[in-house]
Structure formats: structure tokens, C-alpha cells
Amino acid sequence: MKPSNGNSSLPRVGYVGLGIMGRPMAGHLLSAGYPLTVFNRTRAKTALLAAAGARVADSPRAVAEASDIIFTNVTDSPDLEAVILGGADKAASIIEGARSGSIVVDNSTVAPATATRIAALLEKKGVHFLDAPVTGGEKGAVEATLAIMVGGDEKVFQRTLPLLQRLGKTVLHVGPNGAGQMTKAINQILGAIHLCAMAEAIALAKAAGLDPEKTRQIVANGAAGSWMLTNLAPRAIAGDFRPGFKAGLQNKDLRIALEAAAQLGLDLPITQLARRDFQRLVDMGCGDEGTQAIVKTRGKQ
Ligand code: NAP
């Protein structure tokens with residue numbers, strides 16, 4: 001990333017939450033010329049973006065005051081409520097700093113009900129909200145190849161589209177506020193079930209004395225192939241459990257999906273089994289490892 005102060009004809013952009021996903025995503029907006037102001041709770045994580053030309057603010061509120069479009073990317077529903085609506089320090093929150101007409105675009109994965117609640121509270125101040133969760137992993141964030149599913153007003157979506165297209169390859173408006181997060185919950189049940197299938201396949205290959213990597217190469221290229229087999233199984237087989245997507249976050253997403261399904265009166269038994277396995281992995285102390293560590297819950301390793 002070359003140092004840049006941004007192009008003054010473009011909207012001023014803010015980014016709150018510079019974790020595994022947020023930092024590269026904010027970096028793409030800066031590289032595209034958008035004047036960028038950032039905040040991260042742990043300030044050290046702002047250093048790379050600051051060196052590349054981003055301004056570093058002292059609070060989510062200060063980011064909102066300096067921005068026309070404010071992105072958020074934090075862990076869970078209560079964290080998003082804290083940065084947007086205010087937790088212990090309400091005065092430091094986005095809602096206190098955002099001006100009427102500005103747009104908050106949330107890239108976190110949170111409950112659909114949280115997205116609709118935040119949208120309604122921001123709208124009272126004339127601030128627009130889009131729930132815009134992403135999929136594609138750390139690799140997708142770094143390479144700007146994410147899929148982004150967006151809930152909210154379609155005209156507001158169109159205004160943010162040029163920015164979202166800097167972050168992802170597939171950007172779709174999927175419905176009103178909450179629809180983006182509901183789509184993401186569906187994505188997460190598919191991903192988690194595929195991960196559990198991957199773990200059982202590797203366990204059986206090993207127990208049967210097959211070469212797990214050769215087995216993976218064959219099945220990943222046939223009808224049983226999946227993103228998990230292509231991207232995460234090689235790491236699992238090599239014993240590399242460093243996180244792209246943390247197991248604890250996957251567990252959180254299964255909780256969100258099951259709660260959303262329950263509110264709709266829907267039973268998802270296979271998702272419940274996947275939740276049981278991810279909860280077990282978290283209970284084993286592996287919540288900060290990558291989701292490929294799910295193999296640790298299966299048979300002979
Ligand atoms: P991460 O590396 O753990 O980063 C989480 C970020 O949220 C950090 O910047 C953290 O600040 C901030 N944060 C958390 N709670 C906060 C609070 N109460 N107040 C202020 N800041 C807070 O996680 P990540 O992998 O980037 O994931 C971020 C979101 O994207 C999650 O909702 C996740 O489910 C979703 N997601 C992740 C992936 C993936 O592959 N990693 C893919 C798709 C979606 P600190 O630095 O101070 O801890």
C-alpha cells in the first residue's frame with residue numbers, strides 16, 4: 001500500500017474494527033483513493049494503515065464525525081451495539097457523531113434482529129444503515145474477492161456500491177435491513193456443516209491408513225468438492241491451525257443462525273450437531289484457532 005491522503009472528490013470514509021477482516025478491507029478503500037479515518041479498540045492495529053496515509057481517530061464517534069460513509073467490522077451483536085449505539089461510553093459511539101444523510105455499512109456478522117434494531121435507531125437521526133456481511137475468509141478480504149450480501153434501502157445500497165466493489169467480486173442487494181445478515185446465517189450453516197464433513201472425511205482416511213492429502217486431492221476435485229476441502233483441509237492435514245476464521249466466531253454464527261431459525265419456528269437438526277461440535281472445540285480451548293481445528297473433535301488424529 002502506497003501512502004495516500006485520499007482524493008478530495010470522493011466521499012470521506014471511516015472504518016471501525018481493524019481485525020483479520022477489517023484491516024485489509026479498510027486498506028483497499030484507502031488504496032482506491034478514499035480519504036480514510038480509522039479506529040480500533042487496540043490502537044496498535046492501526047499502525048499499518050496510518051503508515052499508508054489513514055487518519056487514526058480516538059473513538060468510533062470521531063470516525064463518524066469525519067466521515068460520509070462509516071464501515072464497521074467487529075465481533076458479535078453486543079460489540080456492534082457498543083460501537084454504534086454506545087456501551088459503557090455512549091458519548092464515544094457512532095450514533096453520537098454521525099450526521100444526517102451519512103451511511104453506516106456494517107461488515108460484521110451479527111444477528112439479523114440486531115441489524116434491524118440498529119437500522120431503526122439510526123434512521124431516527126436520518127442516518128442510513130446497511131447490513132453488509134461478507135464471506136470468502138481472510139483470503140477474500142486480502143484479495144478483495146469477497147462475496148457481500150447487503151440488506152437495506154436499495155438507493156442507499158447503490159450509493160455504496162462503488163466502495164463495496166473495491167472489497168468484493170460478488171456484491172448483491174438481497175432485501176431490506178436484516179436480509180443481509182439472514183443470508184449470512186444461511187452461509188454459515190453451510191460452511192459449518194461442510195467443515196464437520198471435512199473433519200469426518202480426514203478422520204476416516206487416517207483411520208483407514210490412506211494418505212489424507214491424496215484422498216483430499218481426489219475428492220476435492222469431484223462432486224464432493226467444497227471450498228472447505230480446497231482451502232482449509234490442506235491446513236488441517238498439515239496441522240496448521242492458525243486462524244483465518246476463528247472457531248469461536250463460527251460457533252457464534254451457528255448460535256445466531258439457530259436463534260434466527262427458532263424465531264421462525266424452524267428446527268435445523270444438522271446445524272444443531274455442528275453447533276455441538278464447535279462448542280466442544282471452544283470448550284477444548286481452541287476458540288482462537290482457525291475453523292479447520294474442527295478435525296480435533298474427530299476420532300484418531
Ligand atoms: P478479529 O480479527 O477477532 O477482529 C475483531 C475486531 O472487532 C477487532 O478489531 C476488535 O478490536 C473489534 N472489536 C470486538 N469487540 C469490540 C468492541 N466491543 N468494541 C470495539 N471493537 C471491538 O475478527 P475478524 O475475523 O476480523 O471478524 C470480524 C467480523 O467478521 C466477525 O463478525 C466475523 O464473524 C466476521 N467474518 C470473519 C471472517 C473471517 O474469515 N475471519 C469471514 C467473514 C466474516 P480489538 O483489536 O481491540 O480486539
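Predicted model: local features only at pLDDT ≥ 70, side-chain atom pairs only at ≥ 80, totals over all residues.
Two residues are in contact when heavy atoms of theirs lie within 4.5 Å.

Start with the whole protein. It is built from 13 helices and 9 strands. Its C-alpha atoms fill a box of roughly 60 × 45 × 35 Å along the principal axes. A compact globule of 301 residues would have a radius of gyration near 19 Å, and the protein has 20 Å, so the two agree. Buried residues account for 50% of the 301. As for contacts between residues at least 6 apart in sequence, 66% of them join residues at least 24 apart. The side chains include 33 positive and 26 negative ones, with the centres of the two sets 4 Å apart.

Next come the aromatic rings. A pair of aromatic rings is described by the distance of the centres and the angle of the planes. Searching the whole structure turns up 1 aromatic pair. Its partners are Tyr15 and Phe71, whose ring centres sit 5.5 Å apart with the planes at 0°; planes under 30 degrees apart count as stacked, so this pair is stacked. Tyr15 belongs to strand E1 (residues 13-16) and Phe71 to strand E4 (residues 69-72), so the pair ties together parts that are 56 residues apart in sequence. Both Tyr15 and Phe71 are buried.

Strand E4 also holds Ile69. The cut-off for buried is under 20% relative accessible area, and Ile69 counts as buried because its relative accessibility is 5%. Setting aside residues up to four places away in sequence, Ile69 touches Pro11, Arg12, Val13, Gly14, Ile103, Val105 and Leu163. Between Ile69 and Phe129 there are 60 residues of separation in sequence, while their C-alpha atoms are 9.8 Å apart in space.

Two of the residues touched by Ile69, namely Ile103 and Val105, turn up again in the surroundings of Thr160. Thr160 sits in helix H8 (residues 154-164). With a relative accessibility of 0%, Thr160 counts as buried. Apart from neighbours within four places in sequence, Thr160 is in contact with Ile103, Val105 and Leu130.

Another buried residue is Ala64, at 1% relative accessibility. Ala64 has its place in helix H3 (residues 60-65). Not counting residues up to four places away in sequence, Ala64 touches Ile70, Ile94, Gly97 and Ala98. Ala64 and Val16 are 48 residues apart in sequence, and from C-alpha to C-alpha they are 9.3 Å apart in space.

Leu204 is found in helix H9 (residues 179-207). The relative accessible area of Leu204 is 60%, so this leucine is exposed. Leu204 and Ala261 are 57 residues apart along the chain, and their C-alpha atoms are separated by 32 Å. Gly239 lies in a loop, the one between helix H11 (227-238) and helix H12 (247-263). At 42% relative accessibility, Gly239 counts as partly exposed. Counted along the sequence, Gly239 and Pro24 are 215 residues apart, and their C-alpha atoms are 26 Å apart in space.

One last stop concerns the backbone. Most residues other than glycine have a negative phi. What phi does Ala144 have? The value for Ala144 is positive, about 55°, although this residue is not a glycine. Ala144 is located in the loop between helix H7 (137-143) and strand E8 (146-151).

How values were computed:
Residues numbered from 1 in each chain as written. Heavy atoms only, no water. Phe/Tyr/Trp six-rings, centres within 6.5 Å; stacked < 30°, edge-to-face > 60°. Helix = DSSP H or I, 4+ residues; strand = E, 2+ residues; numbered from the N terminus. Buried < 20%, exposed > 50% of the residue type's maximum accessible area, 1.4 Å probe, protein only. Rg over C-alpha atoms; globule rule 2.2 N^0.38 Å. Lys, Arg positive; Asp, Glu negative; His and termini not counted. Charge placed at Lys NZ, Arg CZ, Asp CG, Glu CD.
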